[in-house]
Amino acid sequence: MSATGRRRVSQWAVVNILVIAYALFPVWWIIALSFKEPSTLTDGNFIPTDWTWENYRGIFQTSEFTRALINSIGIALISTVIAVVLGTMAAYAVARLRFPGKSLLIGMSLLIAMFPPISLVSPLFNIERIIGIFDTWTGLIIPYMTFSLPLAIYTLSAFFREIPWDLEKAAKVDGATPAQAFRLVIAPLAAPGVFTTAILVFIFCWNDFLFAISLTSTSAARTVPAAIAFFTGSSQFAQPTGSIAAAAVVITIPIIVFVLLFQRRIVAGLTSGAVKG
Amino acid sequence: MTQSAPTAPQDAQAPKGNRPLSEGARQERRLGWMLCAPAVIVMLAVTAYPIVYAVYLSLQRYDLRFPQQAEFVGLSNYGAVLSSEFWWEALWVTVFITLVSVAVELVLGFALALVMHRAIFGRGTVRTAILVPYGIVTVVAAYSWQYAWTPDTGYLAALLPSGSAPLTEHWPAIGLIILAEVWKTTPFMALLLLAGLALVPEETLRAAQVDGAGAWQRFFLVTVPLMKPAILVALLFRTLDAFRIFDNIYILTSGAHGTGSVSILGYDNLFTALNLGIGSAISVLIFLCVALIAFAFIKLFGAAAPGAQEGGR
């Protein structure tokens with residue numbers, strides 16, 4: 001390799017390392033905190049001197065955290081399934097069928113995705129108390145539809161537009177029944193898009209904080225992001241720093257795993273759907 | 001939005017005029033509406049109905065401690081909000097945070113997008129790394145920043161002169177809120193811009209180079225104009241999103257020291273002051289602000305109206 005070539009490589013290496021450091025710096029800090037001994041939590045060291053699992057053991061012993069984790073997983077999964085099923089139906093129609101009102105549907109879902117959640121909090125707070133779904137899973141799944149459904153419709157219709165639907169016809173010409181054509185040709189083509197959309201929707205539901213603190217009052221439906229804001233130390237005077245850090249790391253792991261496994265698809269989904277809730 | 005995507009294959013145009021529809025076309029129409037109906041009904045039920053109800057609540061004097069005494073008071077809640085210095089301070093803070101963070105994100109996002117576009121190796125790794133801030137729960141990132149900047153627990157606070165607690169002073173706290181917001185959302189901006197960069201034809205850039213344009217000239221005179229639609233869409237999304245800022249402020253400062261956004265103000269009026277009437281008035285005002293921003297973008301800057309690009313259908 002020539003000298004200039006080597007220099008270019010090392011320049012890019014520096015740039016890449018800078019970007020990666022930028023992305024992972026705060027993540028590392030919360031991980032470091034979560035592994036610190038309670039006595040060294042306040043030493044401000046960037047790397048823990050004594051590594052310990054104590055904070056993790058602590059949070060998994062309290063129902064405050066485990067219950068919130070179950071709520072988070074349950075609520076995010078149910079919201080994702082509803083949004084993806086309804087979104088798939090609508091997106092299929094948008095990509096495949098001729099009918100007036102299509103662009104209205106897309107425009108509407110986009111506007112709704114931009115809706116300020118605080119504007120929904122005060123009316124929903126009252127409605128949910130009156131009909132008795134305040135502080136329940138249903139009470140959170142309903143407002144999650146406001147961002148998950150538009151996101152699903154948007155991302156899915158972008159994916160479905162790319163599918164070569166003529167293959168279905170070709171399969172039928174070759175003697176496949178409609179069911180076979182769907183199962184062997186269309187479903188495998190559509191599955192990656194549906195799957196990616198599901199991951200994106202799940203991440204958005206997992207991320208929500210405002211609805212989760214506003215529309216819950218006990219651990220019955222409080223999700224992890226809301227629960228950690230209410231964490232208290234093991235004694236009245238202890239700061240819950242270690243517990244918060246450990247809980248934060250636990251709910252970050254699934255996201256990191258998704259990102260590592262499916263990054264290419266997530267990028268495709270984000271830029272074609274391009275809706276940030 | 002697909003303005004930034006390379007292809008948007010147009011579906012066949014709907015039949016023009018009053019030509020009677022064939023039976024097949026009518027059936028297709030009906031099937032299309034039926035498939036969309038559940039999604040439309042759910043979206044309207046979860047947004048349109050509550051916002052109408054919020055308007056109704058905002059016209060009431062409604063203290064949650066005394067729900068029996070609720071009564072119709074016309075626009076006086078709006079009068080109370082608009083004549084309160086808290087509203088204007090929160091609005092100013094929100095606008096300031098929105099403008100600064102979106103501007104910084106645009107510059108940083110471009111830099112990141114160019115790195116991902118041009119890097120001669122390691123593009124995949126960089127892309128994976130920047131997806132982490134995007135995907136991470138905002139509250140988690142906010143806690144990380146909060147601990148980092150708090151004296152005693154923080155490595156960043158340790159770098160400052162001793163005794164300084166940046167999160168307890170107005171301007172430093174606002175700066176740190178912007179930092180947290182920028183860190184979290186720049187990757188999204190960068191990915192949208194990256195999709196836009198892919199649309200700039202390599203030949204055009206090379207032709208400009210042959211004609212003697214320098215790197216900066218090529219960027220500002222060729223790349224940026226060609227990417228205008230992608231840039232405007234990214235700006236629109238991020239501006240509307242930044243205007244709703246809540247999580248970062250709630251965790252970092254809880255809105256103390258004059259750092260509360262309008263969303264924080266609405267939340268406090270509802271859950272601390274327990275005033276549903278005033279809280280709803282703030283909700284409606286925030287909704288109007290967001291609608292105004294979207295309208296301004298579309299009219300003034302010509303950002304393609306949602307759905308318009310699929311247009312003419």
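Visitor: What pLDDT does chain B average?
Guide: This is a predicted model, in which local features need pLDDT of at least 70, side-chain atom pairs count only at pLDDT 80 or more, and totals for chains, interfaces and linings use all residues. Residues are numbered from 1 along each chain as its sequence is written, and chains are lettered from A and ligands numbered from 1 in the order in which they are written. pLDDT is the predictor's confidence in each residue, from 0 to 100. In chain B, 89% of the residues score at least 70, and the average is 83.

Visitor: Over which residues of chain B is the pLDDT under 50?
Guide: Residues 1-17 of chain B stay under 50, yet the model has 37 contacts for them beyond four places in sequence. Two residues are in contact if their C-beta atoms, placed from the backbone, lie within 7 Å. Where pLDDT is low, the predicted coordinates should not be read in detail.

Visitor: How many helices and strands does chain A have?
Guide: Helices (H or I, at least four residues) and strands (E, at least two) are DSSP runs, numbered from the N terminus. Chain B has 13 helices and two strands. Chain A reads α-α-α-α-α-α-α-α-α-α-α along the sequence. That is eleven helices and zero strands.

Visitor: What share of the residues in chain A is buried?
Guide: A residue is buried if 20 or more other C-beta atoms lie within 10 Å of its own, exposed if 12 or fewer, and partly exposed in between, with C-beta atoms placed from the backbone. In chain B, 43% of the 313 residues are buried. For the 277 residues of chain A, the share is 50%.

Visitor: Which helix gives the most to the side of chain A that touches chain B?
Guide: The predictor gives the complex an ipTM of 0.87. The contact takes 89 residues from chain A and 92 residues from chain B. One helix of chain A gives 16 residues to its side: helix α11, residues 241-273.

Visitor: Which residues touch the most other members of the largest nonpolar core?
Guide: A nonpolar core is a set of buried Ala, Val, Leu, Ile, Met, Phe, Trp, Tyr and Cys residues joined through C-beta atoms within 7 Å. The largest has 169 residues, and helix α7 (residues 170-197) of chain B gives the largest share, 17 residues. The residues asked for are A:A90, A:V201, A:A248, B:I130 and B:L193.

Visitor: Which residues of chain A does B:I130 contact, leaving aside neighbours within four places in sequence?
Guide: Within chain B, its partners are B:L112, B:P187 and B:A190. From chain A come A:V19 and A:A23.

Visitor: How far apart are the end C-alpha atoms over residues 68-92 of chain A?
Guide: An unreviewed UniProt entry places "transmembrane region" at several spans of chain A, including 68-92 and 137-160. UniProt positions use the numbering given here, feature names are shortened, and annotations may be inferred rather than shown by experiment. Residues 137-160 are 100% helix, with end C-alpha atoms 31 Å apart. Residues 68-92 are also 100% helix, and their ends are 35 Å apart.

Visitor: How many residues of helix α7 of chain A are buried?
Guide: This helix spans residues 166-173 and is hardly covered. A:G175 follows, with a positive phi near 100°. Among the eight residues of helix α7 of chain A, the buried count is zero.
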